[in-house]
Amino acid sequence: MANQIVTRFAPSPTGFLHIGGARTALFNWLFAKHHGGKMLLRIEDTDRARSNQEAVDAILDGLTWLGLDWEGEPISQFGRVDRHKEVVDELVATGKAYRCYATPEELTEMRELARAEGRPPRYDGRWRDRDVSEAPAGVAPAIRLKAPEEGETVVDDLVQGRVTFPNKDLDDLVLMRSDGTPTYMLAVVVDDHDMGVTHIIRGDDHLTNAGRQTLIYKAMGWDVPVMAHIPLIHGADGAKLSKRHGALGIEAYQAMGYLPVALRNYLVRLGWSHGDSEIISTEEMIEWFDLGEINKGAARFDFAKLEALNGHWIRRSDDADLVDMLMAERDVLPNGGILKTRSDDEIRSKLTAAMPGLKERAKTLVELTESTAYLFADRPLSFEDKAAAILDDGGREIVGALAKRFEAAPDWSAEELEAIVRAYAEENGLKLGKAAQPLRAALTGRTTSPGVFDVLAVLGRDESLARLGDQSA
């Protein structure tokens, strides 16, 4: 084994960084970190028609937001085309590859004949041993690997176990198309070799590629990296993951108010486990992660579990960190406008004061932002129907009576104000909640909020008394 473990994440920039790709990146990152190695990033942008810079930027932004760093500059596969051609020329020169002059029509005939005979479509090797002097005029050749026709190719996969491919099923794959562009199969092998990749961790939809790519490594006399093909992610119903299940770009999860630490925790548990641990910090992931604990079966994506985990991490987060996060995510969250209605200094000050009470109920940053609305609301408040009903049903009398007592409070603190409300409730034969609910409605326009005494303390004497005065009988 090499002295240093090197993994790579190699997305195609034909769309955003989706959830399956994010988990693959996380597994590569964790494995490298666990072993003191490094993860490289390669953008597989040889499909020029479908690759675009916007997608590249989204992938880089998504990885950065998730907290997954990589070593060095991202490598462009397209930028290495000359090197790919150099390797193909070497394979031809050593007799490990050959020029194939089969026309598109001939290849179609081969496929149709195989289909008619109930065989998988395979190239029939018609140019494998023919002399180039027989080449038809005006036909540009493709370059094919001269694959072994007998025996088998074995991939000892760290997740899937020993996988055997009969060589007769691995036909002479195309290394370079007739237009002179290298194929994905060839480019991946050359790039992984040149980048010094020791471990290839990717989705098990690439497992069939592993046998063919192993043949290219062997033809070049190169060491074959260790491979680990991880199961795909399915929806909660067991079907292949689609947008309705959560196959969205990482930026969508950011906009839904998930924390990077929570998403990392959730993703690592999709197909990997460490005992019964559900809540796993990033430090613990790095310490515990290894490929032997990856499940062979497909993992199921479950939004309810992700939301519960996210709520846990919000509660565990430092108050100041959450304030910073809300301020930073204002332009991403759908209700981020709530956090733009005052000066940044005022918003930050009020968020800091209110955060201990705010974070206890929220499961996402969207919910957390929504719960701050009362802090920045303009008078007179707008009211939810239930809150208005509480005030209309005798609530205003309670609000008016308590407002008079609050005016005389020597100390505007949650403890002092709670004592006033408790004394009032006892004098009037009320349960504490019966007195507190009208206060909450008058102060926030809602029936749910952080503790009402915390709300009073955070709003301060002047604003609280003004809001209560607006709703007093």
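Which residue of strand 5 does Y98 stand opposite? Y98 faces R144.

1. **Basis.** This is a predicted model: local features need pLDDT of at least 70, side-chain atom pairs count only at pLDDT 80 or more, and totals for chains, interfaces and linings use all residues. Residues are numbered from 1 along each chain as its sequence is written, and side-chain values use heavy atoms, with hydrogens and water left out.

2. An open sheet holds 3 strands, in the order 4-5-8, with antiparallel pairing. Strands are DSSP runs (E, at least two residues), numbered from the N terminus. Two strands pair if DSSP finds at least two bridges between them. Strand 4 (97–100) and strand 8 (174–176) are at the edges with a single partner strand each, so one side of each has no neighbour in the sheet. On average, neighbouring strands are turned by 40° against each other, direction ignored.

3. **Strands 4 and 5.** Strand 5 covers residues 142–145. It runs antiparallel to strand 4, and 4 bridges join the two.

4. **A helix pair.** Helices are DSSP runs too (H or I, at least four residues). The axes of helix 14 (residues 385–407) and helix 17 (residues 452–471) come within 9 Å and cross at roughly 125°. Axes are lines fitted to C-alpha atoms, for helices over the stretch in contact, and angles run from 0 to 180 degrees between N-to-C directions.

5. **Their contact.** Contact means heavy atoms within 4.5 Å. Helix 14 contributes L391, R396, V399, A403, F406 and E407. Helix 17 contributes L456, R461, L465, L468 and Q471.
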